[in-house]
Amino acid sequence: MQKTPSIAYNLSGWMDTSPEVRPAVNDNWQSRRELAAALRRLNTAVLTRDVPTELLQSVTATMQAEAARIEANEVVPGTKAQAERNSTQHGQLPDIFYEINPASGQSNAIAPPMHIWQTDGRVHACVTPSWSYEGPFEHLHGGIIALLFDQVLGAGQRITGVAGRTGTLEIRFHHPTLLNKTLHLVAKVDRVVGRKKFMVGELWADDVRTASCKGVFISERNWPDAIA
Ligand SMILES: CCCCCCCCCCCCCC(=O)SCCNC(=O)CCNC(=O)[C@H](O)C(C)(C)COP(=O)(O)OP(=O)(O)OC[C@H]1O[C@@H](n2cnc3c(N)ncnc32)[C@H](O)[C@@H]1OP(=O)(O)O
């Protein structure tokens, strides 16, 4: 029988129902969002500017010093450890997951970041990948497309009410996907067979479907004790 997730691991509320990105839950997360945005900006600038070597070396020294200032603080690694703090600063698991996920986390500089929301039994997402995510000339890297699909289909499987891990992702790349353009993804549950959730999704650039994906997500045996 399915158990009700404990408060600490309850992910209800993680998924947005609006195309608008929700505000950060406190000043700490808002500041993390702003720092992540600055880091993304710096990364894209370094990758796309003809920068003199001396300037690169100077910025590196500054960044090393800034990294050391952050590293001097207490280590709380990962979503689980942060949720177990159950503190006002860290927030609850849905808040933490929302902020630090590598595909959609507003506070994770690695994330493009993609915004995901659920409506009408489907999951939608939008994202505008910068030059930082280039694969073939002027187009989005296929591995990044796989990341986006994994996240959107992975979020969508939660419509069934049970978390699960990605078993299989099968992606068909129909057309190259441009960078620096707002992309839309949509996914839904195709069918559920036992612990297997079969998901389907599409990636759209304007009215062009550039990729589609089928995914199988396997529900946790011991949900909610195991967290995907
Ligand atoms: C709290 C949750 C948080 C979530 C936050 C929301 C957003 C999340 C967004 C995050 C998104 C990112 C998410 C991520 O990045 S998840 C990270 C990437 N994925 C992994 O690391 C998974 C690694 N693999 C495993 O852990 C296990 O192999 C799994 C759990 C997948 C199955 O091991 P388990 O021992 O449990 O399975 P079973 O052997 O009893 O088989 C059960 C059934 O499943 C069928 N099967 C087995 N394997 C596969 C397969 N690979 N494809 C298709 N089907 C497969 C099998 O034939 C059988 O079917 P049947 O014979 O019954 O018909």
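The following paragraphs lead through a predicted model, beginning with a pair of helices and moving on to selected residues around them.

Residues are numbered from 1 along each chain as its sequence is written. Because the model is predicted, local features need pLDDT of at least 70 and side-chain atom pairs count only at pLDDT 80 or more, while totals for chains, interfaces and linings use all residues, and side-chain values use heavy atoms, with hydrogens and water left out.

Two packed helices are described by the angle between their axes and the distance between the axes. Here, helix α3 (residues 78-85) and helix α4 (residues 93-100) have axes 9 Å apart, and the angle between them is about 145 degrees. Helices (H or I, at least four residues) and strands (E, at least two) are DSSP runs, numbered from the N terminus. The axes are lines fitted to C-alpha atoms, for helices over the stretch in contact, and angles run from 0 to 180 degrees between N-to-C directions. On the side of α3, the contact (heavy atoms within 4.5 Å) is made by Gly 78, Thr 79, Gln 82 and Ala 83. On the side of α4, Leu 93, Ile 96, Phe 97 and Ile 100 take part. Sorted by class, the contact of α3 with α4 has five nonpolar, three polar and no charged residues. In this sorting, Ala, Val, Leu, Ile, Met, Phe, Trp, Tyr, Cys and Pro count as nonpolar, Asp, Glu, Lys and Arg as charged, and the others, Gly among them, as polar.

Helix α4 is mostly covered, with six of its eight residues buried. A residue is buried under 20% relative accessible area, exposed over 50%, and partly exposed in between (1.4 Å probe, protein chains only). The buried residues of α4 are Leu 93, Pro 94, Asp 95, Ile 96, Tyr 98 and Glu 99. What covers them includes α1 (27-48), α3 and β1.

The loop between α4 and β1 holds several residues of interest, and Asn 101 is one of the residues found there. Asn 101 counts as buried because its relative accessibility is 9%. Its side chain reaches the backbone nitrogen of Ser 104 at 3.1 Å, a polar contact (a pair of N or O atoms within 3.5 Å; within protein, one must be able to donate a hydrogen and the other to accept it, and residues adjacent in sequence count only if both atoms are side-chain atoms). Not counting residues up to four places away in sequence, Asn 101 touches Asn 108, Ala 111 and Gln 151.

Ser 107 also has its place in the loop between α4 and β1. With a relative accessible area of 15%, Ser 107 is buried. The side chain of Ser 107 makes a polar contact of 2.6 Å with the side chain of Glu 99, a residue listed among those buried in α4. If neighbours within four places in sequence are left aside, Ser 107 is in contact with Trp 29, Arg 32, Arg 33, Ala 36 and Glu 99. Pro 113 lies in the loop between α4 and β1 as well, and the peptide bond from Pro 112 to Pro 113 is cis, with omega near -15 degrees.

His 115 is buried because its relative accessible area is 4%. Its side chain reaches the backbone oxygen of Ser 18 at 2.9 Å and the backbone oxygen of Glu 20 at 3.3 Å. Beyond neighbours within four places in sequence, the contacts of His 115 include Asp 16, Tyr 98 and Cys 126. Ser 18 itself is in the segment before α1, and Ser 18 is partly exposed, with a relative accessible area of 27%. The side chain of Ser 18 reaches the backbone nitrogen of Glu 20 at 2.9 Å.

Asp 120 lies in the loop between β1 and β2 (122-127) and counts as exposed because its relative accessibility is 74%. Asn 180, also not a glycine, has a positive phi of about 55 degrees. Asn 180 is in the loop between β3 (164-173) and β4 (183-193), and at 41% relative accessibility Asn 180 counts as partly exposed.

Finally, an unreviewed UniProt entry places the feature "domain: Thioesterase" at residues 138-210. UniProt positions are given in the numbering used here, feature names are shortened, and annotations may be inferred rather than shown by experiment. In the model, residues 138-210 are 21% helix and 47% strand, and the end C-alpha atoms of the span lie 15 Å apart.
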